[in-house]
Amino acid sequence: MSIKEKFESHPVVFGLSLLAVGFTAGFAARGYFLSEFKNPEAPAHTVQKATICQVENLAALEGNHGQRVLKLQETLMVLEAKATDEMKISSYQQKYKESAERVRNDIAKENENYQSAIKQLNLRCKQA
């Protein structure tokens, strides 16, 4: 008897080897066909998943920024009114103008800080 005949005549070894070959072929075909159905234009190895991102604490940051800028603008309006008041001494008017300029710089700095904070916020991303 040859090795082939001994292999084929032993039912357990022959059956298990057929089962192993069938499982391997089916598993390989499954990966190929499923990747083609997900995205027919993309190759099987580059299937892309959608990403959903949301910014943490954005509402709180926007609210706090709005409140700070509003307070600074109110202060600026008061200082501008005092700087243009004709009843004030000119040296006091000059001091109010200088103070108003400092508040304008503070508003610009606050806006810069807000923009940099927006860029630095953590993004929480999830695969869809």
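**A friendly note on the salt bridges and helices of this model**

1. The term salt bridge stands for a side-chain nitrogen of Lys or Arg within 4 Å of a carboxyl oxygen of Asp or Glu. Glu-80 belongs to helix H3 and Arg-104 to helix H4, so this pair ties together parts that are 24 residues apart in sequence.

2. Before going on, please keep in mind that this is a predicted model, in which local features need pLDDT of at least 70 and side-chain atom pairs count only at pLDDT 80 or more, while totals for chains, interfaces and linings use all residues. Residues are numbered from 1 along each chain as its sequence is written, and side-chain values use heavy atoms, with hydrogens and water left out.

3. Now for the overall layout. The chain has four helices and two strands, and reading along the sequence gives the pattern α-α-β-α-α-β. Helices (H or I, at least four residues) and strands (E, at least two) are DSSP runs, numbered from the N terminus.

4. How much of the chain is buried? Of its 128 residues, 12% count as buried. Here buried means under 20% relative accessible area, exposed means over 50%, and partly exposed lies in between (1.4 Å probe, protein chains only). The chain exposes about 10700 Å², and carbon and sulfur atoms supply 59% of that area. Such areas come from the Shrake-Rupley method with a 1.4 Å probe; for residues, only the protein chains shown count as cover.

5. Contacts tell you which parts of the sequence meet. A contact means heavy atoms within 4.5 Å. Among contacts between residues at least 6 apart in sequence, 68% join residues at least 24 apart.

6. Helix H3 covers residues 58-83; at 1.5 Å a residue, its 26 residues should span 38 Å, and its end C-alpha atoms are 37 Å apart, which agrees. Helix H4 covers residues 90-120. H4 has 31 residues and reaches 45 Å from its first C-alpha to its last, close to the 45 Å expected. The expected span is 1.5 Å times one less than the number of residues in the helix.

7. Which residues of H3 are buried? They are Leu-61, His-65, Val-69, Leu-76, Leu-79 and Ala-83, and what covers them includes H4. In H4 the buried residues are Gln-93, Ser-99, Ala-100, Val-103, Ile-107, Glu-110 and Tyr-114. What covers those residues includes H3.

8. Glu-110 deserves a careful look. Glu-110 counts as buried because its relative accessibility is 12%. Not counting residues up to four places away in sequence, Glu-110 touches His-65, Arg-68, Val-69 and Leu-72.

9. What does Arg-68 form with Glu-110? The two make a salt bridge, with the closest N and O atoms 2.8 Å apart. This pair links distant parts of the chain, with Arg-68 in helix H3 and Glu-110 in helix H4, 42 residues apart.

10. How many salt bridges does a search of the whole structure find? It finds three. One of them joins the side chains of Arg-104 and Glu-101, at 3.1 Å from N to O. Arg-104 and Glu-101 are three residues apart in helix H4, so about one helical turn separates them. Glu-80, Glu-101 and Arg-104 are linked in a network of salt bridges. Glu-80 is partly exposed at 27% relative accessibility, Arg-104 is partly exposed at 35%, and Glu-101 is partly exposed at 40%.

11. Phe-7, Val-13, Phe-14 and Leu-18 make a nonpolar patch of about 330 Å². Patches are made of residues with over 30% relative accessible area and no salt bridge: like charges are joined within 9 Å, and nonpolar side chains (Val, Leu, Ile, Met, Phe, Trp, Tyr) within 5 Å. Helix H2 (residues 11-38) gives the most to this patch, with three residues. Phe-7 is found in helix H1 (residues 3-9) and counts as partly exposed, at 36% relative accessibility.
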